[in-house]
Amino acid sequence: MLLKIGQLARRSGLSVRALRHYDDIALLTPSARSGNGYRLYDSADVARLYRIQALRRLDLSLTQIQAMLADGGASLPQVVEQQIASLERQIAQASALHGHLRELQAQLAERHEPSMDNWLAALERMAASARYFTDTELHTLTTRRQQRNGDNAHLTSTLHDLMGRGLQPDSPEAGALAQSWIAALLDDVGGDEAMLMKLYAMNWNEPTLHMLSGVDRTAMQFISHAMAHRRLAIYAAYCSEAEMVLLRQHYVRQTDAWPILICALREHLAQDTPPASAEVQALARQWQALSLAKAAGDPALQAKLRHAFERESELRIGSGIDAPLIAYVRDAVQSL
């Protein structure tokens with residue numbers, strides 16, 4: 001059975017013009033012609049058209065389809081893999097946008113008529129998130145926050161209450177808040193310490209976000225210092241009382257410098273920058289200096305802190321430091 005071009009167009013849902021174009025570029029050439037020159041398509045042509053339409057659904061160009069059909073579809077597995085990856089990126093982008101819209105919806109419900117500053121801050125948050133996180137990471141953040149149905153508002157309220165009452169970071173209340181705060185953030189990022197550091201860097205470096213979150217650098221320092229005091233309590237099992245006196249004087253002082261350094265090292269680690277590179281070695285020197293400074297310049301105390309950090313998992317929670325980063329820094333130090 002042979003089909004004329006009009007018949008094939010009606011049966012396939014394509015236009016006559018499209019079929020003529022396929023013929024012009026030798027993608028689908030009819031197997032026969034009628035006596036008066038009309039295109040005639042046989043079953044093999046229809047089967048080829050089916051393959052073309054199937055590949056078009058993968059969002060491939062006609063040139064790509066032509067090349068694939070020429071080599072018998074050998075590259076189809078790779079194409080399918082690429083299309084799956086593309087769809088996953090689109091899903092992540094859509095999920096991130098969905099999260100931003102939900103947040104904006106909540107703001108609209110609370111404020112009824114947001115000011116220009118609020119609109120601009122919301123836009124800045126969207127832009128900032130894209131600068132620090134991949135689409136997949138944003139998808140993780142959005143999904144997990146929606147699952148636990150929380151935006152840390154109660155933690156932020158408690159934080160402002162403690163600071164407003166003049167409580168210090170070494171107070172039990174501050175320590176409990178810091179522990180809950182880090183636990184909530186780790187839940188948001190699925191326990192990924194690298195993503196936790198990205199969150200810290202974004203909120204530290206983007207002042208516009210402070211208006212949205214209600215947490216500025218001073219508040220972030222309060223939390224990090226409270227965590228430092230919690231860690232000091234763990235170190236007490238490894239140090240003498242005299243050493244603890246030194247730690248209380250020097251350890252917390254170095255707290256603010258660590259997250260930025262860890263973020264920088266993690267970025268190089270993610271980019272596969274060689275540990276022997278000048279950039280990483282400069283950061284490794286800062287690491288060494290901070291490690292010694294928090295131990296009051298005492299190498300023996302520094303070694304005790306390192307030993308405790310390796311043994312006590314609670315010291316590592318929320319620090320942004322994990323085994324891959326430690327190995328990376330060790331390699332950089334060895335190559336100094």
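Predicted model: local features only at pLDDT ≥ 70, side-chain atom pairs only at ≥ 80, totals over all residues.
What follows is a walk through the fold, the cores, the aromatic pairs and a few individual residues of this structure.

Residues are numbered from 1 along each chain as its sequence is written, and side-chain values use heavy atoms, with hydrogens and water left out.

The protein chain holds 18 helices and three strands (DSSP runs numbered from the N terminus, H or I of at least four residues for helices and E of at least two for strands). Of its 336 residues, 39% are buried, where buried means under 20% relative accessible area, exposed over 50% and partly exposed in between, with a 1.4 Å probe and protein chains only. Among contacts (heavy atoms within 4.5 Å) with a separation of 6 or more, 64% join residues 24 or more positions apart.

Next come the cores. A nonpolar core is taken as a set of buried Ala, Val, Leu, Ile, Met, Phe, Trp, Tyr and Cys residues joined through side-chain atoms within 4.5 Å. The largest one has 63 residues, and Leu159, Trp181, Tyr235, Leu247, Leu265 and Trp287 have the most contacts inside it. Helix α12 (residues 217–235) gives the most to this core, namely 10 residues. Apart from it lies another core, of 18 residues, with Ile5, Leu14, Ile65 and Met68 among them. In soluble globular proteins, nonpolar side chains tend to be buried together. Beyond four places in sequence, tryptophan 181 is in contact with Leu155, Thr156, Leu159, Val215 and Ile223.

Leucine 325 sits in helix α18 (residues 323–334) and is buried, with a relative accessible area of 0%. Its contacts, leaving aside neighbours within four places in sequence, are Ile262, Leu265, Arg266, Leu269, Trp287 and Gly320. Leucine 265 is 60 residues away from leucine 325 in sequence, yet their C-alpha atoms are 7.8 Å apart in space.

As for aromatics, the structure holds three pairs; rings of Phe, Tyr and Trp (its six-membered ring) pair if their centres lie within 6.5 Å, and planes under 30 degrees apart count as stacked, over 60 as edge-to-face and the rest as tilted. Tyrosine 200 and tryptophan 204 are stacked, because their ring centres are 5.8 Å apart and their planes at 10°. The two residues are four apart in helix α10 (residues 193–205), so about one helical turn separates them. Tyrosine 200 counts as buried at 14% relative accessibility, and tryptophan 204 does at 12%. Tyrosine 235 and tyrosine 251 make an edge-to-face pair, 5.6 Å centre to centre with 70° between the planes. This pair links distant parts of the chain, 16 residues apart: tyrosine 235 is in helix α12, and tyrosine 251 is in the loop between α13 (241–250) and α14 (257–270).

Helix packing is illustrated by α15 (residues 278–294) and α16 (residues 299–311), which pack at an angle of about 100° with axes 8 Å apart. Axes here are lines fitted to C-alpha atoms, for helices over the stretch in contact, and angles run from 0 to 180 degrees between N-to-C directions. The contact is made by Gln288, Ser291, Leu292 and Lys294 of α15 and Pro299, Gln302 and Leu305 of α16.
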